[in-house]
Amino acid sequence: MRPTARFPEYFEVLAPQHIAEQAWDGEPETLVAGDFDTSGRWAVDNAPPAPFLDDRYSAGVLSDSATSTFVLATSPSDLPGENFAFEPDAKAVELFTPDANRPSMPADAIALYAPWHFYGEQWGIYVNERLLGGFAQALATVTDAPLWQVAPLAHHQVLEHEWVHFAFEIAGTELEDAIGASRYREYSWYAYGQPEPSLTLGPLEEVVASAAEVLFARHGRRGFKNLRPKGYTEAVGRLLDHCPPGYSEWRLMNTHPEEVLRHLVSRIAGRAMRTYRWGVATDDEKDQVPLHWVGDPAVAPFFGAQPKSAGPPTIPRFEKWLRRRAGAEIVEGEGDHRKARLPGAPHPVDYDTGAGFLLRPESKQFASVLALKNIVDLYQHVAEMKSPRATAAAE
Ligand SMILES: [Zn+2]
């Protein structure tokens, strides 16, 4: 048994060079960024895709809903069960229901793994309630099982997918330690989405992540084993078959696991590797990934999630709150930056929108300017859409 790593200290100790922005020295040998064009060919462009950073998916996950941090229920007895009223969003259900005319949306359209390399302290998995509800309903329909039974399974299944992305960030960090150079960012920007024509035209990492969903369906995890309806494994495989390339090729992990992992790790390392025992995180490590719920915290228990506290808000949510509750005027700044002019404040507060969430130093600044106790207090106000002035006046 290997010792359990402690995150995020593990990342910080192993690859300290990435705390400071380090410039990539030298061109990666295979710089192919782009997307599939309408005829299904790979088209090179200057906007590199990355799984968890892909706007087509991440914009949907990071909606303007409230964000709270949560922990997973450990036993089905913690679940509210069949008496809980939850109505899935019909449009979201459609996205995950097989349709011959378009691919279904994959797990990454429901949840986002925000890597430590890009998101710093806001790293973790973000799960969107509305999209998860749609996916759970699609799965319930295919398995002919009640939604309350499938909902916590669907959630866990999506987390299994995202935990694979986490595991490859660990692999990337270990490779950076061995090689002594930045690799994971370069991989995410340039190499993640590049096809490996001998195996798949989709991202190799998605093959592994999608296979983990099937593995979870087959074996379950912890207390949720017995919730699995008959035909669940087949249903998961069938829904994946309708997803885009990479996701739909999960079977490669049954037929060619060594090749898939070897090619994938070679990509992260930026050189040919022969090893393939990578991309696995232990249960204890998975438990350390911060989980963020994007949506109504009251609905989270239906999906086996227990809200802990309000988390850093997404930028759309925060701006909505700033305008409506703090009376702010928002103006464009340089690049990804914007400025908030707050009533009574001598200077506008500048903040970065690039990460999709309000960053920690800026959270502190807003908390201080708005006379809130601390950043947790700020997050709580945003989560509840509560006015900061009401609090200040009451005290
Ligand atoms: Zn993925």
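**Helix packing and nonpolar cores**

Helices H8 (residues 204-219) and H11 (residues 257-269) have axes that come within 9 Å and cross at roughly 130°. The pair therefore counts as oblique, the class left over once angles under 35 degrees (roughly parallel), over 145 (roughly antiparallel) and 65 to 115 (roughly perpendicular) are taken out. Axes here are lines fitted to C-alpha atoms, for helices over the stretch in contact, with angles from 0 to 180 degrees between N-to-C directions; helices are DSSP runs (H or I, at least four residues) numbered from the N terminus. This is a predicted model, in which local features need pLDDT of at least 70 and side-chain atom pairs count only at pLDDT 80 or more, while totals for chains, interfaces and linings use all residues. Residues are numbered from 1 along each chain as its sequence is written.

On the H8 side, Leu204, Glu205, Val207 and Val208 meet Val260, His263 and Leu264 of H11, contact being C-beta atoms, placed from the backbone, within 7 Å.

As for the cores (buried Ala, Val, Leu, Ile, Met, Phe, Trp, Tyr and Cys residues joined through C-beta atoms within 7 Å), the largest has 88 residues, with Ile110, Val127 and Leu139 touching the most other members. Helix H6 (residues 147-179) gives this core its largest share, 15 residues. Apart from it sits another core of 19 residues, including Ala66 and Tyr351.

Then there's Val61, in helix H2 (residues 55-61). Val61 counts as buried because it has 25 C-beta neighbours inside 10 Å, the cut-off being 20 or more. Beyond four places away in sequence, its contacts include Ile110, Leu112 and Val294. Val61 and Leu112 are 51 residues apart along the chain, yet their C-alpha atoms are separated by 6.8 Å.

Conventions
Helices (H or I, at least four residues) and strands (E, at least two) are DSSP runs, numbered from the N terminus. Two residues are in contact if their C-beta atoms, placed from the backbone, lie within 7 Å. A residue is buried if 20 or more other C-beta atoms lie within 10 Å of its own, exposed if 12 or fewer, and partly exposed in between; C-beta atoms are placed from the backbone.
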